Amino acid sequence: MAGFQEGARAATLPSRSSTSVPGTSRLQRRMALCKMEDFTVDSFELLYSGAVDKMKSNKSNLNLKEELRKLREETNVDSLRQELDRERSKRMDLEQKMNDVLKTRLEDSPPLPPRKPQSPSNNGTADKQQKEVWSSRLQKWVYERFGDYIEDFRFQPEESTVEAEEPLSAKRLTENMRRLKRGARPVTNFLRNLSALSNWHSVYTSAIAFIIYMNAAWHGWAIPMLLFLAILRLSLNYLIARGWRIQWSIVPEVSEPTEPPKEDLTVSEKFQLVLDVAQKAQNLFGKMADVLEKIKNLFMWVQPESTRKLYICLWMAFITSCVLPYKLMGFMMGLYAGIKFFIIDFLFKSCPKLRDKYDTPFIVWNSLPTDPQLKERTNATVSRRLSGTEKVQPVVSRSNLATIPCGLSREEETGRSHSTKKGAFHEIFNLLESERPLAVCENGWRCCLINRDRKMPTDYIRNGVLYVTENYLCFESSSSRSSSSKKNKVIKLVDITDIQKYKVLSVLPGSGMGISIATPSTQKPLVFGAMIHRDEAFEAIFTQYMKIMTTTKPAASAEL
């Protein structure tokens, strides 16, 4: 506004330096008015733009002030600044006090010799700090590079997981047996091919294999040759897996017919299927148990003659390994293995008598007993002792010593040693004291007697225990008392006319669980059914029956 007024004033007033020329005043006034108009327009524009800028700046300043006020309220900058100032003052006071204390100590203490500018304590602390820094860096680097491997070696408690057992299923059982058979087929084929090589099934193949192996063993290449054969077999398996048809076998493979599994089976078919699978599993487990028991008995000195041979062979092998060099030992073992496999085994398999006399491993293995055979031997020994062939005093417990009279001999004591749950054996069946159960059936066989001549239900079926002695077949009914033997059954083995295995219910599959005994005193054969160990009982009864019949027939012919 001041500039505007000055411009207007300058425009209205005439110039002092100009001369008063007539007619020029009017022209000057017009020119001044024009200038004033131009100036006023420009000044108004400037004033307007300045006012707008000023209003904008005032508005932004107001916003900034408002934000600054809010920020101060939120962060309390003033209070923080005051606290910082107080801390600074405190630090300065402490530094001043420390300096004063150090000055007083230096003044009071005697002068010390000149020392290094840096104290050893400071050097030690600096070194420690530097070592800590380097160790932390090294640990960080090692963990970044080898952290995953270190975590793998971290010890953790073993988690005990209990697998859920599947319920019994006939379909699942047969499928598992088929899987086992398929899985064992490569092993059985390999063993069959080895046996064919040893038996010279193909003369040309066995001769070529013998020449190659003996040449490799002579030059010390037996182990590399075996490894090369394993690599070759894996390569052939790879080609077969890729679709190549490669079949090489010394013995031609026999393809067994596979029956498709039936979906809908009757109850009898399922039961028969389970019985067949159970029989196969029983035989397989029996063979495996025989092998394991023989190995266990060989190392546990159950049969000292066999274990002594193994013991001597191990000592000889140990002394030889300590004396001879390993290269010579490998050469000797390779040659012996080739001669044994290709020549000695072939001779032994072709000549059984020669094998029975000179094949020591075969003789030792066959002579090793299994646990059931050991049990049978001990039972036979005990039965021989009890029968009086070996007059040895029986082992009697202290509780039974009081029941034996003093005037009885050893034979009488052994005759009374066996008793059932209801009393002495010979008293229950009204037999002689010498009649005792055989060693096979000392505890008897649980069964039920079916007397088809009786019509009363109580007399038709009786539960009890069946025994066999040297001359009698005795059935002890579980419902009979010790003082009464009316329900017990005693059959002379000589009176038996027929003995057979019997199946009580013909609907069920299998050969049954019963034994039928025919005698002249009964119209229909007596049946001892529901016997778990039916085959064992039948074999024992039939063996004793044939023994009695063979001993009685020569006596009858001699009387005639």
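Trainee: Is Asn488 buried or exposed?
Mentor: Asn488 counts as buried, because its relative accessibility is 9%. Buried means under 20% relative accessible area, exposed over 50%, and partly exposed in between, with a 1.4 Å probe and protein chains only.

Trainee: Before we go on, what kind of model is this?
Mentor: It is a predicted model, where local features need pLDDT of at least 70, side-chain atom pairs count only at pLDDT 80 or more, and totals for chains, interfaces and linings use all residues. Residues are numbered from 1 along each chain as its sequence is written, and side-chain values use heavy atoms, with hydrogens and water left out.

Trainee: Where is the place of Asn488?
Mentor: Asn488 lies in the loop between strand 5 (472-477) and strand 6 (489-492). Helices (H or I, at least four residues) and strands (E, at least two) are DSSP runs, numbered from the N terminus.

Trainee: And what does the side chain of Asn488 reach?
Mentor: The backbone nitrogen of Ser477, at 2.9 Å.

Trainee: Zooming out, how many helices and strands are in the protein chain?
Mentor: The protein chain has 18 helices and 9 strands. Of its 560 residues, 19% are buried.

Trainee: Now the helix packing. At what angle do helix 5 and helix 10 pack?
Mentor: Helix 5 (residues 170-198) and helix 10 (residues 326-350) pack at about 85 degrees, and their axes are 8 Å apart. Axes are lines fitted to C-alpha atoms, for helices over the stretch in contact, and angles run from 0 to 180 degrees between N-to-C directions. So helix 5 is roughly perpendicular to helix 10. The cut-offs are under 35 degrees for roughly parallel, over 145 for roughly antiparallel, 65 to 115 for roughly perpendicular, and oblique for the rest.

Trainee: Which residues make that contact?
Mentor: Helix 5 brings Leu194, Ser195, Leu197 and Ser198; helix 10 brings Phe341, Phe342, Asp345, Phe346 and Lys349. Contact means heavy atoms within 4.5 Å. By class, the contact of helix 5 with helix 10 has 5 nonpolar, 2 polar and 2 charged residues. Ala, Val, Leu, Ile, Met, Phe, Trp, Tyr, Cys and Pro count as nonpolar, Asp, Glu, Lys and Arg as charged, and the others, Gly among them, as polar.

Trainee: Asp345 is in there. Buried or exposed?
Mentor: Asp345 counts as buried, because its relative accessibility is 16%. Leaving aside neighbours within four places in sequence, Asp345 is in contact with Ser198 and Lys340.

Trainee: What about helix 6 and helix 10: at what angle do they cross?
Mentor: The axes of helix 6 (residues 203-218) and helix 10 cross at roughly 170 degrees and come within 9 Å. Helix 6 is therefore roughly antiparallel to helix 10. Among the residues that meet are Phe210, Tyr213 and Met214 in helix 6 and Leu335, Ile339 and Phe342 in helix 10. That contact divides into 12 nonpolar, 3 polar and no charged residues.

Trainee: Tyr336 is in helix 10 too. Buried or exposed?
Mentor: Tyr336 is exposed, because its relative accessible area is 52%. Tyr336 and Met214 are 122 residues apart in sequence and 9.8 Å apart in space, C-alpha to C-alpha.

Trainee: New topic. What is the phi of Trp200?
Mentor: Positive, about 55 degrees, although Trp200 is not a glycine. Trp200 sits in the loop between helix 5 and helix 6. Trp200 is partly exposed, with a relative accessible area of 23%.

Conventions: Polar contact = N/O pair within 3.5 Å; in protein donor to acceptor, adjacent residues only side chain to side chain.
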